[in-house]
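Let's take a walk through this fold together, strand by strand and then pocket by pocket. Keep the structure open beside the text as you read.

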Amino acid sequence: MTTIEIDHTSRWFGNVVAVNDVSMTVGPGVTGLLGPNGAGKSTLINMMAGFLAPSTGRVTLDGTQIWRNEAVYRAIGIVPEREGMYDFLTGREFVVANAELHGLGDAAAHKALATVEMEYAQDRKISTYSKGMRQRVKMASALVHDPSVLLLDEPFNGMDPRQRMQLMELLRRMGAEGRTVLFSSHILEEVEQLASHIEVIVAGRHAASGDFRKIRRLMTDRPHRYLVRSSDDRALAAALIADPSTAGIEVDVTDRALRVQAVDFGRFTTLLPKVAREHGIRLLTVSPSDESLESVFSYLVAA
């Protein structure tokens, strides 16, 4: 069992704190690192990969410090978000070059390309590849030495639906084999479909940890805010405020709407149309006003 341990780790760049006192353990299986863009996911992965030194704290692989330890690369495969590829090489040449860095040869490169289903384009130059094809060749180069740990930074970017399904199935299989697989994403649905365990990062801080059901429950149970327009906003507000599913209602005169904070999501969604019908009020607009990932993640930080 290969485990990465992050122990009270921070990383800053000048006055900018990218990762702030994060502690987590990433073990066998598939772990999703979830957070909005700019949350610090890439910085965290770069420290796990040994590309960046922690400003404070420790990042270890089975108890051994990763930073400035070349031996860990026998166990780690990395798929960075940045391209960092040599466009003048063919896909096969690129993967063979990575195989040779590990003391391996053509057979290992061929196996890795077959694993990601890129044999058909292995002799084309990388400059002719689509974004999804580039992602798959990066994946092949990361797998060429059969690592026990795989770190992937936004691996599904640029992939078409078929390519995404293929990669998801590959990662599920690797997790089932007992490898430690961590991938970052800002898309909740990607993590839901693939990860057995989730770590949530917001603004450089560790916001939540657990299985998907636990994280989804935290997100669903948070207060929800709605913008509601109706044929009689004041009468609707008076009827809603008496119910315990709402924590506050503001009449926005400028927008001619109600701003409702619902603390019981399920009850409120049933209550609203019922109250409107009973009072003869016509609902014109009902829209969530806080459904962005950033707002959801920010709630998790405070939870």
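Leu227 has Arg259, in strand E13, as its bridge partner. The strands involved are E11 (residues 224-230) and E13 (residues 257-262), which pair in the antiparallel sense over 5 bridges. Strands here count as paired if DSSP finds at least two bridges between them, and the element names follow DSSP runs numbered from the N terminus, with helices (H or I) of at least four residues and strands (E) of at least two.

Before going further, please note that this is a predicted model, in which local features need pLDDT of at least 70 and side-chain atom pairs count only at pLDDT 80 or more, while totals for chains, interfaces and linings use all residues. Residues are numbered from 1 along each chain as its sequence is written, and side-chain values use heavy atoms, with hydrogens and water left out.

Now step back to the sheet around that pair. E11 and E13 belong to an open sheet of 4 strands in the order E12-E13-E11-E14, with antiparallel pairing. From one strand to the next, the twist averages 20 degrees. Helix H8 (residues 233-241) lies across E11, E12, E13 and E14 and runs at about 170 degrees to E12. Contact for such packing means heavy atoms within 4.5 Å; axes are lines fitted to C-alpha atoms, for helices over the stretch in contact, and angles run from 0 to 180 degrees between N-to-C directions.

What is the strand order in the open sheet of 6 strands? The order is E6-E7-E8-E3-E9-E10, and the pairing is mixed. At its edges are E6 and strand E10 (205-210), each pairing on one side only. The twist in this sheet averages 15 degrees from one strand to the next. Inside the sheet, E7 and strand E8 (residues 180-185) run parallel and are joined by 5 bridges; Leu151 has Leu182 in E8 as its bridge partner. H4 lies across E6 and E7, at about 170 degrees to E6, while H5 lies across strand E3 (29-34), E7 and E8, at about 125 degrees to E3.

Next, look at the hairpin of E1 and E2. Strand E1 (residues 4-13) and strand E2 (residues 16-26) pair in the antiparallel sense over 7 bridges, and Arg11 has Val19 in E2 as its bridge partner. There are 2 residues between the strands, and Gly14 takes a positive phi near 65 degrees.

Side chains of opposite charge can pair when their charged atoms come close. With a salt bridge taken as a side-chain nitrogen of Lys or Arg within 4 Å of a carboxyl oxygen of Asp or Glu, the count comes to 9 salt bridges. One of them joins the side chains of Glu154 and Lys41, at 3.9 Å from N to O. This pair links distant parts of the chain, 113 residues apart: Glu154 is in the loop between strand E7 (149-153) and H5, and Lys41 is in helix H1 (residues 41-48).

Finally, the pockets. A pocket is an open set of points on a 1 Å grid over the protein atoms alone, where a 1.4 Å probe fits and protein lies on both sides within 12 Å along at least five of seven lines; lining residues have an atom within 4 Å of a point. The largest pocket holds about 490 Å³ of space, a volume being the space filled by probe spheres set on the points, which are joined across faces, edges and corners. Its lining has 20 residues, with Phe51, Ile78, Asn98, Leu101 and Ser141 nearest the centre. Strand E6 (76-79), helix H2 (91-101) and helix H4 (131-143) each supply at least two lining residues, and H2 gives the largest share, 4 residues.

The second largest pocket has a volume of about 230 Å³. Lys111, Thr115, Leu143, Asp146 and Arg179 lie nearest its centre, among 13 lining residues. Helix H3 (106-115) gives the most to this lining, with 4 residues.
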